[in-house]
Amino acid sequence: MAEIRTDPVTTEIIRNLFLSCAQDMNATMIRSAYTPIIYEGKDCSVALLDENGDVLGQSSGLPIFLGNLEVCVKLTIEQFGREVFEPGDVFYMNDPYLQGTHLNDSTIFAPIFYGDELVGFSATRAHWLDVGAKDPGTPMDSTEIYQEGFRWGPTKIYSHYEQREDVVDLLRRNGRFGYSLIGDMNSQVSACFTGEERFKVIADRFGVDAIRAASGEIFRQSAQLDREAVAALPDGTYTAEGCLDNDGVGDEPVWVRVRVDISGEEMTIDLEGTSEAAAGPVNCGMAQTISAARVAYKLLINPDRPVDGGTFPTLTVRVPEGSILHAKEPAPCGWYFTPLGLLIDLIVKALSPVMPDKAAGAHYGDSMVIYLAGMDPRRDNAPFLALEPTPGGWGAFESGDGQDGLINNVNGGFKDIPVEVYETKYPVRIGCYGFRPDSGGPGRSRGGCGLFREYRLQTGCSLYLWFERSRTPAWGLEGGRDARGPEVVVRSDGSERSMLKVNNLPLKAGDVVITYTGGGGGYGNPLERNPELVRRDVISGYVTREGAARDYGVVFTDGLEVDAEATARKREKLAKEGSS
Amino acid sequence: MTRYRVSIDIGGTFTDLVVHDEEERRSFTGKVLSTPDDPARGVITGLEDLIEDPTDISFLVHGTTVGLNAFLERRGARVLLITTEGFRDVYAIARGDRKKLFALQYRKPEPLIPLQDIHTVRERMLYDGMVEESIREEDFDPIVEKVRDEGIDSVAVCFLHAYVNPEHELRAREILRKRVPRLSVTLSHEVAREWREYERASSAVLNAYIAPTVERYLKNLEGQLEERGVGARLHVMQSNGGVMTASAARDLPIQTLLSGPVGGTIGGGALSEALGRPNLLCVDMGGTSFDASLIVEGQPTVSTEVELEGLPVLMSLVDIHTVGAGGGSLAYLEAGALRVGPRSAGADPGPACYARGGTQPTVTDANLLLGRMDPKYFLGGGMDLDARAAEQAVSGVARELDLPTEELAEGILRIINAKMAEAMRTITVEQGIDPREYTLVAFGGAGPMHAVALARELEIGEVIVPPAPGTFSAWGMLQTDIRHDMTQTFYQPMDPSISGELESIYSKLEEEAQEVLRDEGVPSERMHLVRTADMRYVGQEYFVNVELPQNGKLTGEKLDELTERFHAAYKTRYGHSTPGAPVEFVNLRVAALGELERNVAGFKPPAGDEAPVHSTREVIFEGKTLPTRIFRRAELPAGAWMAGPLVIEEDTATTVVPPGWGARVDELGNVIIEREGS
């Protein structure tokens with residue numbers, strides 16, 4: 001017999017079951033996906049939702065997918081009514097103006113029925129490598145969404161647990177890698193069905209009423225924890241701003257402006273003053289902008305508590321109409337996440353004066369994507385697309401240095417592609433890979449270092465680059481200094497060029513591309529950093545000897561011991577220069 | 001005279017021994033306090049208690065946590081890592097991922113060595129094994145100087161693509177050994193012949209890190225045993241579930257890492273065979289942790305990669321899923337919600353009822369309060385428990401939640417059981433395995449007390465509590481084979497035309513394996529080789545391990561069969577497959593087994609028809625206080641059916657059977673618990 005009651009014990013058991021259900025779904029999807037961007041990039045997420053579309057449990061590889069799967073379910077209910085759902089249905093959609101993000105992101109969800117009753121939804125999202133844009137992958141110079149691939153509203157791809165062959169065939173025919181696209185689709189469908197099965201097992205045990213009572217209680221607990229944390233912040237208005245280098249098409253900076261109002265238990269994030277819709281692909285649908293604001297909130301407010309339908313009870317996000325963060329047709333959205341990485345850092349910066357122990361200097365800022373596309377002569381000229389985000393430095397904080405070579409804030413479980421795997425799969429040789437010295441922002445706590453990686457092409461192919469944040473490199477806090485921004489060097493035909501963004505640049509065998517990612521911002525006055533720590537950084541290669549003298553005022557003997565006297569003199573001199 | 005087969009499980013608190021007397025055909029057990037400063041002392045004491053003449057020992061195997069503890073407590077050797085020029089930072093970059101999504105002040109897992117102890121030399125191998133740049137002896141000059149000046153005794157070497165062509169790594173060892181003869185040198189390709197330079201370097205560093213400690217320990221133990229006249233060769237339990245000789249363990253100490261816990265799983269495998277039950281879910285619940293593992297079709301499930309404290313290790317190891325749940329798990333409040341574990345009272349102060357200063361309630365306190373344990377018969381009466389302290393601790397939290405004390409005690413058990421059930425679900429349901437088709441085997445000090453509750457959570461109908469459940473891991477070590485795993489990465493699409501190339505790689509791996517087994521003294525009629533392949537759909541990363549069709553040389557036809565097996569295995573695992581889609585190989589593997597004796601029938605129950613009731617006491621089950629019969633395990637004859645509620649007590653464990661379930665003892669001394677009417 002099912003028990004119909006809620007008590008602290010049952011509630012805690014059900015809460016853990018929801019979370020593990022979401023983890024099961026995620027494991028199913030990641031382990032059976034076909035493309036590295038899902039299984040290495042972890043560019044995906046899953047959620048178990050109640051019948052209203054509120055989150056019961058979720059698991060995410062990508063923080064910015066936090067809490068916007070429910071939007072897709074809710075708007076489908078709005079558009080078609082609940083009657084549209086039948087057991088064994090599966091829906092697909094990818095419209096950025098509805099779900100946020102870009103066309104590559106496939107949202108797939110399924111209703112869950114218990115007996116005849118609609119009791120919830122299992123939902124998934126994953127990045128599909130190619131959805132038929134004008135160039136392979138995600139073009140960097142699109143000016144309309146129609147150049148970025150196919151666009152679908154909520155569409156039934158399964159009915160009564162049977163695939164709708166005609167509809168799925170339409171998907172397959174419209175991507176460049178149709179076979180792996182269907183493989184990735186299957187992994188998402190499979191994750192939805194895993195969620196359905198697990199939910200039914202929970203319902204068998206406790207009954208649907210007990211689940212509802214428990215989820216109500218779980219939401220209440222989350223809301224209470226959040227309210228308490230926000231109320232503890234001093235009332236006031238906090239602001240920050242920064243810009244992207246450009247929109248990928250023009251050369252004007254693109255501004256993101258943040259104002260956070262705290263009033264009692266309420267937090268309002270207002271993005272008034274953010275740049276107007278851009279011609280290039282840095283626009284973002286509102287649903288995704290809200291998710292990103294929630295990521296920043298979550299970094300500061302109860303980060304260890306999993307997200308559910310009760311989280312963010314007092315958070316309001318205002319996104320101005322007509323701005324890049326409230327994209328409308330036909331604005332291109334391919335690189336929607338670039339302003340979001342900045343937005344998250346800015347919200348943290350705005351609130352850092354009232355949460356100094358929780359904040360950190362800015363991180364290197366964006367995914368810093370390089371991809372190489374062409375034919376592999378070692379495999380009968382089969383097409384290849386080698387796509388990589390690149391880690392960089394994270395911001396320093398009061399009690400510690402920023403991390404060196406860590407993936408950016410909108411990504412999460414991403415792992416770099418091992419040199420051995422890269423060289424085996426693609427006709428490219430990696431020349432070197434390591435920390436970029438002096439790239440971290442100097443501070444009492446040092447900002448993390450960015451990375452360098454050298455690609456030696458073994459065959460002709462096309463280069464695509466999306467490197468950002470040279471106009472707003474990672475800033476420091478509390479007297480900590482800014483980090484160095486990114487740089488990419490291309491050596492071709494004996495000449496050398498620097499660039500950050502490029503679309504479809506043809507290169508020849510023997511050409512070399514070297515990427516450098518930026519560091520993280522420093523924290524506190526670098527002249528107060530313990531000289532022994534600076535010495536260790538020099539030995540480890542994070543800081544050069546010149547950098548130690550220039551940024552930290554630390555001078556060494558020939559044997560690389562700290563020269564205390566010379567250091568004191570140097571620091572005094574630098575302090576005078578700094579204050580004048 | 002050689003009549004005793006002996007196994008020893010050296011844990012943090014106790015050293016457990018199981019002796020099988022081949023003459024009398026019976027087994028007996030012993031438990032002595034561990035002696036962490038010199039583990040050999042505890043072993044010798046334990047042996048002397050049980051066996052008169054050490055020359056009577058014919059076979060000796062042990063499980064050790066020496067390597068694991070050196071790693072967990074960061075007390076290993078200082079290691080230098082030597083790698084390819086241009087790639088010094090790979091080990092510190094650690095692939096750049098964040099394991100927590102919402103952490104501004106994130107820290108990467110703490111590496112075992114700092115950047116200043118990583119050195120590079122000029123050399124470069126390409127992806128296909130061609131040499132692009134040769135290795136030079138003079139590049140080692142500064143490294144050798146540092147090793148000598150700073151007294152370093154362990155070095156790891158990891159060069160790019162060494163898994164394809166190990167020539168440069170071998171040369172590096174030659175150069176180093178020539179100049180520093182006693183240096184311990186770990187080569188990455190010998191630890192794991194698989195791609196991914198960070199993971200391989202991490203594995204090699206870990207091996208180098210624990211090598212001197214394990215080496216010293218084994219040498220000492222072997223020496224002491226020899227002094228006492230033990231002539232039998234010392235064997236060590238490996239993480240992959242097999243055993244190896246101590247000398248093989250010295251070559252690859254990383255294989256001893258999970259040497260302790262795997263014994264229980266292997267014991268499960270032996271039970272599976274003896275009882276004719278192919279599928280078992282094995283659970284080991286102690287004071288602080290809960291280990292769950294599987295026997296599928298008579299075999300333990302084995303993984304090829306694991307993360308320890310965030311650091312990846314490439315090696316074959318029995319899948320053991322561990323969560324922080326045990327008798328010592330603490331119950332506490334957070335935001336008005338009740339939490340149980342993973343925080344633990346440990347052994348000191350321990351549960352409140354140990355009366356050593358603990359005041360917060362634990363799982364053991366809840367069990368005691370509900371009458372499931374006898375405060376006068378803990379450790380067979382060796383230690384008294386304080387029932388009042390247990391009640392005070394539980395009622396303190398109960399008042400805050402406004403719950404009756406007994407209800408909270410049951411609630412604590414429900415939460416901890418649900419957690420353990422989740423761990424069991426992770427290794428079953430998540431892998432596409434239906435636990436209802438399994439029998440639960442419960443051991444460890446606390447396992448038999450929770451076993452039936454766990455079985456109910458997963459709708460399992462049968463539970464087995466083996467004889468001497470407190471020393472079951474040691475018993476398992478007597479039920480295994482010598483095992484070595486050989487691997488070669490082979491990144492190629494599936495195609496019938498490559499059967500010849502595959503055959504020659506497998507043959508080479510098998511030859512290497514046979515040579516190792518021969519070195520360990522295994523006669524060829526006792527060798528058994530199993531070929532498997534890691535396979536996936538082209539473009540995927542994760543793979544499925546598939547066993548090859550046996551008998552004779554590989555042919556195109558057999559490869560077709562292998563492809564079919566892959567599709568089927570994939571479907572079982574993920575619920576979908578893509579027949580007709582291109583498939584590729586990732587790694588080829590050979591498991592080499594050397595069969596050893598087994599003795600599963602060492603604990604015969606006494607003769608008789610009826611189970612004598614020792615006493616009766618009140619135990620609370622689901623809010624009801626029921627008079628409950630108490631039995632002593634040693635007095636239970638085979639076959640007699642006992643209806644629950646009942647409690648079976650023995651020296652190191654207590655088995656609880658609630659109403660609606662019943663128990664009997666089988667011919668091998670196992671307690672078999674079933675749902676009534678099933």
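Chain A of this predicted model is divided into three stretches, listed here by residue range.

| Domain of chain A | Residues |
|---|---|
| domain 1 | 8-224 |
| domain 2 | 360-524 |
| domain 3 | 529-580 |

The C-alpha centres of domain 1 and domain 2 of chain A are 31 Å apart. The two domains touch through 16 residues of domain 1 and 18 residues of domain 2. On the domain 1 side, that contact holds 8 nonpolar, 4 polar and 4 charged residues.

**Between the chains**

Chain A puts 62 residues in contact with 50 residues of chain B. Several elements of chain A give two or more residues to this side, among them α1 (8-32), α6 (178-206), α7 (208-231), β14 (428-435) and α11 (531-540). The biggest contributor is α1(A), with 11 residues. By class, the chain A side comprises 30 nonpolar, 22 polar and 10 charged residues.

**A helix pair in chain B**

Two packed helices are described by the angle between their axes and the distance between the axes. In chain B, the axes of α12 (residues 405-427) and α13 (residues 447-457) come within 9 Å. They cross at roughly 60°, which makes α12(B) oblique to α13(B). The crossing is right-handed.

Which residues make this contact? From α12(B) come B:L413, B:N417, B:A418, B:M420, B:A421 and B:M424. From α13(B) come B:H450, B:A453, B:L454 and B:E457. The contact has 7 nonpolar, 2 polar and 1 charged residues.

Conventions
Residues are numbered from 1 along each chain as its sequence is written. Chains are lettered from A and ligands numbered from 1 in the order in which they are written. This is a predicted model: local features need pLDDT of at least 70, side-chain atom pairs count only at pLDDT 80 or more; totals for chains, interfaces and linings use all residues. Two residues are in contact if their C-beta atoms, placed from the backbone, lie within 7 Å. Helices (H or I, at least four residues) and strands (E, at least two) are DSSP runs, numbered from the N terminus. Ala, Val, Leu, Ile, Met, Phe, Trp, Tyr, Cys and Pro count as nonpolar, Asp, Glu, Lys and Arg as charged, and the others, Gly among them, as polar. Domain bounds come from an automatic or database domain assignment. Axes are lines fitted to C-alpha atoms, for helices over the stretch in contact, and angles run from 0 to 180 degrees between N-to-C directions. Angles under 35 degrees count as roughly parallel, over 145 as roughly antiparallel, 65 to 115 as roughly perpendicular and the rest as oblique. A crossing is left-handed if the near helix is turned anticlockwise from the far one by less than a right angle, and right-handed if clockwise.
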